[in-house]
Structures are given as C-alpha cells and as structure tokens.
Amino acid sequence: MKCIIAHGDLDGIISASILSINYNIPPENIIFTQPFLLDKITIQEDVEEIYIVDIAVNNRNPNITKEFIERYRDKIKLWIDHHEGYQLLKDWLGEERIIAGNSPSCPQLMRESGFTVPEEWVAAANAADRPTEYKETELSRFLNRALKYGILSEDEELKEMIMKTIVRYLVKSYKNADYTKEERLLEEYGKLYEEIEENTIESAEEIQEILGFRYKVGYIKLEREKKVDITKLFILAYKRYDFLIIQKCNKEDEEITLIGTKLKEVNLVSIFNLKSGAPFRVSLPGPHEEKLNFILAKLQEL
C-alpha cells in the first residue's frame with residue numbers, strides 16, 4: 001500500500017492531490033500533519049511506499065524529522081519541499097529521493113520538476129502560501145475559506161473531512177468526473193467562515209504600533225476564544241505595517257508568538273537562527289513576554 005504525508009495547508013493539500021493523481025493513491029491514504037507533529041502520526045504496517053510533500057524540517061527540533069527519516073527510511077520514496085532547511089533532508093535521506101527548491105509553493109516546484117500540474121492549481125497554491133506576493137485567485141479563495149473554517153473549528157474530524165473533500169474535489173475536476181457533492185460541501189463550510197472573517201477585520205483595527213524601530217511594527221495579542229484567520233490578519237496589517245507580531249494561545253493553551261513581514265529583503269528564518277521555515281513568517285513557542293522582548297531586540301538590529 002502507498003500513502004502520502006502532507007502539510008495541512010492549501011499548498012500541502014494541492015500538492016497531495018497531485019501525488020494522488022500521479023501515483024494512484026486514494027485520498028483515504030493521505031495523512032495531513034504539521035512539521036512539528038511528524039513524530040505523532042501513525043503509519044499502518046502494510047504501507048510499503050511513503051510520499052511526503054510540503055513538510056519542512058522541524059525548526060523547533062530538527063531531530064524529530066531526522067528520527068522520522070531513520071524510522072521509515074526504506075519506505076520513503078519521495079520527499080518534496082520548498083522551505084528553507086531542505087538541505088538537511090538531502091543530507092539525511094539522500095538527494096535522489098528529494099525534490100527541493102526555493103519555489104513559492106510545492107505545486108510550482110513540482111511543475112518545474114516535471115509533474116503535470118494545472119496552472120490554476122499552481123496559482124492557487126502560490127496565492128495561499130505567499131499572499132503578499134501573489135494575488136488571491138477564485139480557486140484559492142473558494143478552497144481556503146472552507147479549509148480555514150475546518151482548521152479554526154478545532155474539530156479534528158471535521159478538519160480532516162474538509163481536507164480530504166478538497167482533495168476529492170481537485171482530483172475529480174482533473175479527471176472530469178462529477179464533483180458536485182464535494183463542491184456543495186465546500187460552499188457550505190465556506191459560508192460558515194464568514195463570522196471568522198468578520199472577527200479578523202475587527203482584530204486588524206485593534207493592532208497597535210510599537211514605536212522606536214526603523215520599520216513600522218504592529219502588535220496584537222489575540223483573545224483565546226476569538227477565532228481569527230491569521231493569514232488574512234497579516235495581509236490586512238501589511239497595509240499599514242512592515243512587520244506584524246501576533247501573540248496567541250493554541251488549543252492546549254501553549255503561548256505562541258508569530259512574526260511576519262511583507263519585506264522581501266528580510267529573512268526571518270535567518271534573523272531568528274532557525275533551522276528551517278518560511279522566510280516571511282515564523283512561529284516562536286514560549287512565554288509571551290519573553291518572546292516579545294526577544295523579537296523586539298532582533299528588530300532593533302535591522
């Protein structure tokens with residue numbers, strides 16, 4: 001049996017759909033996860049081939065990624081990633097099983113590497129993963145609204161169902177099969193996203209500027225019970241600020257601080273000495289006050 005392990009964002013879901021088509025792997029055999037949860041997933045014993053896409057090296061603990069590779073080395077057939085830190089994947093797994101590069105999304109990287117990928121899918125993935133550089137498309141908006149509702153619902157079964165519905169929708173549309181059922185479901189969950197969108201717009205108005213820096217720095221601490229679209233909040237903030245710092249708690253009440261920038265010349269992975277990640281946005285777990293002081297000290301150096 002074959003399985004796919006993919007990042008649970010739109011970039012990863014579209015990439016998983018491409019692998020599903022190319023390697024004849026059903027959506028039921030796709031595992032969606034995050035790089036920092038790679039060691040928590042369960043792979044069935046009868047899986048003989050593993051295809052991994054849009055999973056970066058864990059920037060919190062790279063050994064988690066390395067240990068996963070060691071555990072499943074003989075079964076991993078292909079690993080595709082476009083985040084910084086992919087050189088470590090080549091070191092640990094060998095270059096022959098790695099497709100990696102600095103493309104804005106995995107679907108674009110896959111197309112550049114010889115996979116057949118619809119242009120509409122590449123444009124949607126680019127818009128979802130690099131929203132400050134690429135304009136939102138009709139497809140990215142349609143899929144992302146349903147996906148974000150699932151993610152922010154904190155209902156793992158619902159989130160998983162929406163992710164696999166997106167895969168079925170994409171695969172069926174590619175094969176010219178009837179995707180009416182999937183389209184209807186995604187429309188339904190997209191409408192439920194509207195309250196989250198309203199919360200996000202309200203939160204954008206509450207962003208405060210932190211003065212004393214070369215660049216304009218915005219800051220907000222989100223209420224635990226208020227569901228907000230983080231990506232959209234960054235985009236709204238970039239109309240006024242060069243950097244945005246968001247502090248929030250996850251569902252386990254772990255304190256998380258996010259920092260993003262619209263400046264292409266700034267690489268946050270390098271600034272914060274991380275092993276991997278996206279150069280325009282990073283996540284720093286830990287006490288809010290400690291992380292905020294750490295970030296502000298780094299921004300003073302720019």
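Predicted model: local features only at pLDDT ≥ 70, side-chain atom pairs only at ≥ 80, totals over all residues.
Residues are numbered from 1 along each chain as its sequence is written, and side-chain values use heavy atoms, with hydrogens and water left out.

Back to helix 8: the helix covers residues 180-192, so to speak 13 residues, and reaches 19 Å from its first C-alpha to its last, close to the 18 Å expected at 1.5 Å a residue. The expected span is 1.5 Å times one less than the number of residues. Helices (H or I, at least four residues) and strands (E, at least two) are DSSP runs, numbered from the N terminus.

Next, the nonpolar cores. Such a core is a set of buried Ala, Val, Leu, Ile, Met, Phe, Trp, Tyr and Cys residues joined through side-chain atoms within 4.5 Å. The largest one has 42 residues, and Ile4, Ile80, Phe115 and Leu143 touch the most other members. Helix 7 (residues 156-174) gives the largest share of this core, eight residues. Leaving aside neighbours within four places in sequence, leucine 143 is in contact with Leu10, Ile166, Tyr169, Leu170 and Leu186. A second, separate core has 23 residues, including Cys3, Ile5, Ile50 and Tyr86.

Now for the charged pairs. The structure holds 18 salt bridges, each being a side-chain nitrogen of Lys or Arg within 4 Å of a carboxyl oxygen of Asp or Glu. Here are three of them:

| Lys or Arg | Asp or Glu | N to O distance |
|---|---|---|
| Arginine 141 | Glutamate 136 | 3.9 Å |
| Arginine 145 | Glutamate 197 | 3.2 Å |
| Lysine 226 | Glutamate 206 | 3.9 Å |

Arginine 145 sits in helix 6 and glutamate 197 in helix 9, so this pair ties together parts that are 52 residues apart in sequence. Arginine 145 is buried at 13% relative accessibility, and glutamate 197 is buried at 15%. Salt bridges that share partners join Arg145, Glu197 and Lys232 into one network. As for arginine 141, it counts as partly exposed at 36%, whereas glutamate 136 is exposed at 55%. Glutamate 206 is partly exposed at 42%, but lysine 226 is buried at 18%.

Finally, take a look at threonine 257, which belongs to strand 9 (residues 255-261). Is threonine 257 buried or exposed? Threonine 257 is buried, with a relative accessible area of 0%. Its side chain makes a polar contact with the side chain of glutamine 247 at 3.1 Å. A polar contact is a pair of N or O atoms within 3.5 Å; within protein, one must be able to donate a hydrogen and the other to accept it, and residues adjacent in sequence count only if both atoms are side-chain atoms.

Conventions: Buried < 20%, exposed > 50% of the residue type's maximum accessible area, 1.4 Å probe, protein only. Contact = heavy atoms within 4.5 Å.
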